[in-house]
Amino acid sequence: MHNGYCPNQNCPCGLDPEKVETLVECLNIYLANLNVLFIKLHNIHWNVIGVGFFDIHVKTEELYDFVADQLDKVAERIKALGCYPLASMEDYLEVATISELPSGNISTPCAAKIIVEDFCSMLSLVRKIDSVAKETLDECTIGLLVEAICFFEKYIWFFSAYLSKCKN
Ligand SMILES: [Fe+2]
């Protein structure tokens with residue numbers, strides 16, 4: 001990993017270098033998770049089976065499109081802070097806190113449950129990074145994370161509603 005803080009000599013960013021280094025370490029874990037999630041959501045998109053196939057197949061496309069956009073923004077933010085984003089599958093699997101799924105059939109309820117669980121983990125991670133970004137006074141990163149918080153909260157609601165059963 002190459003997380004060393006290396007500010008642009010021509011334009012110091014004005015942020016505390018030690019705080020930026022801690023923030024970038026957190027952002028790289030988030031970036032690794034986004035990459036694992038990107039592949040995992042494709043796995044579900046392709047291998048989901050059962051009643052509700054079309055719902056999960058179509059929705060996962062919406063999810064991985066957001067994740068793709070977010071992972072590029074996070075990596076570019078790390079570059080703008082003068083550091084290196086992790087950029088290999090080996091690095092991602094080493095630091096990610098989200099686990100992969102084996103390649104094979106997955107039922108629609110299991111798919112929805114996995115999405116809710118992973119999104120809850122992502123939401124909790126993003127909130128922690130958000131507090132580090134606030135301590136660092138890094139407004140740009142804070143803005144990026146707000147978008148992610150809204151996204152994860154919305155889809156935790158969607159997939160929890162999908163999973164809930166009628167009690168009557
Ligand atoms: Fe597709």
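**Exercise 1. Determine whether tyrosine 84 is buried, partly exposed or exposed, and state where it is located.**

Solution. The model is a predicted one. Begin with the neighbour count: tyrosine 84 has 15 C-beta neighbours inside 10 Å. A residue is buried at 20 or more such neighbours and exposed at 12 or fewer. Tyrosine 84 therefore counts as partly exposed. Next, find its place in the chain: tyrosine 84 belongs to the loop between H2 and helix H3 (89–95). Finally, relate tyrosine 84 to another residue: valine 132 is 48 residues away in sequence, and the two C-alpha atoms are 18 Å apart in space.

**Exercise 2. Describe the overall make-up of the protein: how many helices and strands are there, and in what pattern do they follow one another along the sequence?**

Solution. First, count the elements: the protein has five helices and two strands. Second, read along the sequence, where the pattern is α-β-α-α-β-α-α. Third, consider the extent of the C-alpha trace, which spans about 60 × 35 × 20 Å along its principal axes.

**Exercise 3. Check the span of H4, and state which of its residues are buried and what they pack against.**

Solution. Start with the span. H4 has 29 residues, so at 1.5 Å a residue it should span 42 Å. The end C-alpha atoms of H4 are 41 Å apart, which agrees. Now turn to burial: the buried residues of H4 are Thr108, Ala111, Ala112, Ile115, Asp118, Phe119, Met122, Val126, Ile129, Ala133 and Thr136. These buried residues pack against H1, strand S1 (48–49), H2, strand S2 (106–107) and H5.

**Exercise 4. Characterise the packing of H1 with H4: are the two helices roughly parallel or roughly antiparallel?**

Solution. Two packed helices are described by the angle between their axes and the distance between the axes. For H1 and H4, the angle is about 165° and the axes are 10 Å apart. An angle over 145 degrees counts as roughly antiparallel. H1 and H4 are therefore roughly antiparallel to each other. Their crossing is left-handed. The residues that meet include Leu23, Leu27 and Leu37 of H1, and Met122, Val126 and Ile129 of H4. Sorted by class, the contact of H1 with H4 has 14 nonpolar, three polar and three charged residues.

**Exercise 5. Where does leucine 137 lie, and is it buried or exposed?**

Solution. Leucine 137 follows H4 and sits in the loop between H4 and H5. Its phi is near 60°, a positive value in a residue other than glycine. With 12 other C-beta atoms within 10 Å, leucine 137 is exposed.

**Exercise 6. Characterise H5 and its packing with H4 and with H2.**

Solution. Step one concerns the span of H5: its 25 residues should span 36 Å at 1.5 Å a residue, and its end C-alpha atoms are 36 Å apart, which agrees.

Step two concerns burial. In H5, the buried residues are Thr141, Leu144, Leu145, Ala148, Phe152 and Phe159. Their cover includes helix H1 (17–47), helix H2 (53–80) and H4.

Step three concerns the partner H4. The axes of H4 (residues 108–136) and H5 (residues 139–163) come within 9 Å and cross at roughly 155°. H4 and H5 are therefore roughly antiparallel to each other, and H4 passes H5 in a left-handed crossing. The contact of H4 with H5 has 21 nonpolar, two polar and five charged residues.

Step four concerns the partner H2. H2 and H5 pack at an angle of about 160°, with their axes 11 Å apart. H2 is therefore roughly antiparallel to H5, and the crossing of H2 and H5 is left-handed. Among the residues that make this contact are Leu63, Phe66 and Val74 of H2, and Leu144, Ala148 and Phe151 of H5. By class, the contact of H2 with H5 has eight nonpolar, two polar and two charged residues.

Definitions and conventions. Residues are numbered from 1 along each chain as its sequence is written. This is a predicted model: local features need pLDDT of at least 70, side-chain atom pairs count only at pLDDT 80 or more; totals for chains, interfaces and linings use all residues. Axes are lines fitted to C-alpha atoms, for helices over the stretch in contact, and angles run from 0 to 180 degrees between N-to-C directions. Helices (H or I, at least four residues) and strands (E, at least two) are DSSP runs, numbered from the N terminus. Angles under 35 degrees count as roughly parallel, over 145 as roughly antiparallel, 65 to 115 as roughly perpendicular and the rest as oblique. A crossing is left-handed if the near helix is turned anticlockwise from the far one by less than a right angle, and right-handed if clockwise. Ala, Val, Leu, Ile, Met, Phe, Trp, Tyr, Cys and Pro count as nonpolar, Asp, Glu, Lys and Arg as charged, and the others, Gly among them, as polar. The expected span of a helix is 1.5 Å times one less than its number of residues. Two residues are in contact if their C-beta atoms, placed from the backbone, lie within 7 Å.
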